[in-house]
Amino acid sequence: MRNTIIELKSADLTLGNAAASVHVLRSIDLKIAEGEAVGIVGPSGSGKSTLMKIAAGLAEAQSGEIFRHPSATIRYLEQAPDFGAHKTVEAYAMSGLGPGDDPYRVTYLLEHLGLKGDENPANLSGGEARRAALARVLAPEPDILLLDEPMAALDRKLRESTQFELMDIQSELGTTFMVVTHDQDEAMTMADRMAVMDHGRLVQIGPPDVIYEAPVNRHVAEFVGDINILEGRVESVEGDLVSVATPLAGIVE
Ligand code: ADP
Ligand code: MG
């Protein structure tokens with residue numbers, strides 16, 4: 001049995017005021033084991049970022065229980081990182097290190113990700129800013145990385161090389177990952193399990209191929225890929241055999 005590194009039990013959150021409130025998370029149960037890579041997918045506004053913030057300890061649920069392994073180093077990359085008052089990319093990336101971490105990791109990562117350490121963060125392009133933010137969270141070699149759309153704003157080549165970088169880190173260091181992505185292929189490539197969110201609910205979680213082959217409902221089916229949906233009516237059920245009448249294809253068994 002691998003250790004549980006983060007667990008949410010019945011995590012629930014409503015935001016807003018009496019006039020307009022949003023049920024952002026609805027009774028979320030999610031358990032992440034050491035070394036796992038979990039991809040979080042779902043439409044915009046479904047609660048992915050809020051879920052990540054709660055897992056990272058940067059936001060609180062109104063009810064439910066959150067467990068974080070007490071000795072695990074956690075790093076979180078928010079969807080829109082802020083460089084604060086740091087004057088250089090290197091100073092910003094160094095600010096992610098903990099006591100005893102090796103500053104050479106920053107030098108290595110900046111070079112590896114094609115960044116100049118003495119650049120002013122204010123002058124970075126969108127893609128460079130993303131990479132600088134990644135360097136900052138990767139440098140301390142955390143036990144768990146929570147990444148909110150880490151590849152957004154990267155071009156295809158960089159996306160692929162960054163994906164490989166993350167997968168290398170996972171296999172070399174056994175890092176646990178929780179990654180929000182908009183990109184099905186990315187989730188399929190990187191994640192051991194995929195969690196599909198819809199309107200604050202975690203509607204399905206499982207290996208990407210299972211989600212793809214056996215979606216629990218239409219939302220998941222439509223969300224995970226290029227699919228054909230046949231509208232139909234169940235005509236009969238006999239053991240494992242279901243007959244469905246469809247206007248387009250007749251009886252399908
Ligand atoms: P996602 O990352 O999946 O796009 P978010 O977690 O950012 O979704 O947001 C989920 C829902 O919560 C959205 O409807 C959003 O408008 C709402 N929301 C997020 N933050 C707040 C807030 N501080 N106050 C009120 N509503 C919020
Ligand atoms: Mg988000």
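Trainee: Does Glu36 count as buried or exposed, and what makes it so?
Mentor: Buried means under 20% relative accessible area, exposed over 50%, and partly exposed in between, with a 1.4 Å probe and protein chains only; Glu36 has 6% relative accessibility, so Glu36 counts as buried. Keep in mind that this is a predicted model, in which local features need pLDDT of at least 70 and side-chain atom pairs count only at pLDDT 80 or more, while totals for chains, interfaces and linings use all residues. Residues are numbered from 1 along each chain as its sequence is written, chains are lettered from A and ligands numbered from 1 in the order in which they are written, and side-chain values use heavy atoms, with hydrogens and water left out.

Trainee: Why is the contact of Glu36 with Arg193 called a salt bridge?
Mentor: A salt bridge is a side-chain nitrogen of Lys or Arg within 4 Å of a carboxyl oxygen of Asp or Glu; the closest N and O atoms of Glu36 and Arg193 are 2.5 Å apart, and the pair forms a salt bridge. The two residues link distant parts of the chain, 157 residues apart, with Glu36 in the loop between strand E2 (21-33) and strand E3 (37-41) and Arg193 in strand E8 (residues 193-198). Helices (H or I, at least four residues) and strands (E, at least two) are DSSP runs, numbered from the N terminus. Arg193 has a relative accessible area of 22% and is therefore partly exposed.

Trainee: What separates Glu160 and Arg156 in helix H5?
Mentor: Glu160 and Arg156 are separated by about one helical turn, because they lie 4 residues apart in helix H5 (residues 156-173). They form a salt bridge with the closest N and O atoms 3.5 Å apart. Glu160 is partly exposed at 36% relative accessibility, whereas Arg156, at 65%, is exposed.

Trainee: How many salt bridges does the structure hold?
Mentor: The structure holds 7 salt bridges, and a network of them links Arg159, Asp183 and Glu186.

Trainee: Why do E2 and E4 stand at the edges of their sheet?
Mentor: Two strands pair if DSSP finds at least two bridges between them, and the open sheet of 3 strands has the order E2-E1-E4, with antiparallel pairing. E2 and strand E4 (63-68) each have a single partner strand, so one side of each is left without a neighbour in the sheet. Strand E1 (residues 4-16) is joined to E4 by 5 bridges.
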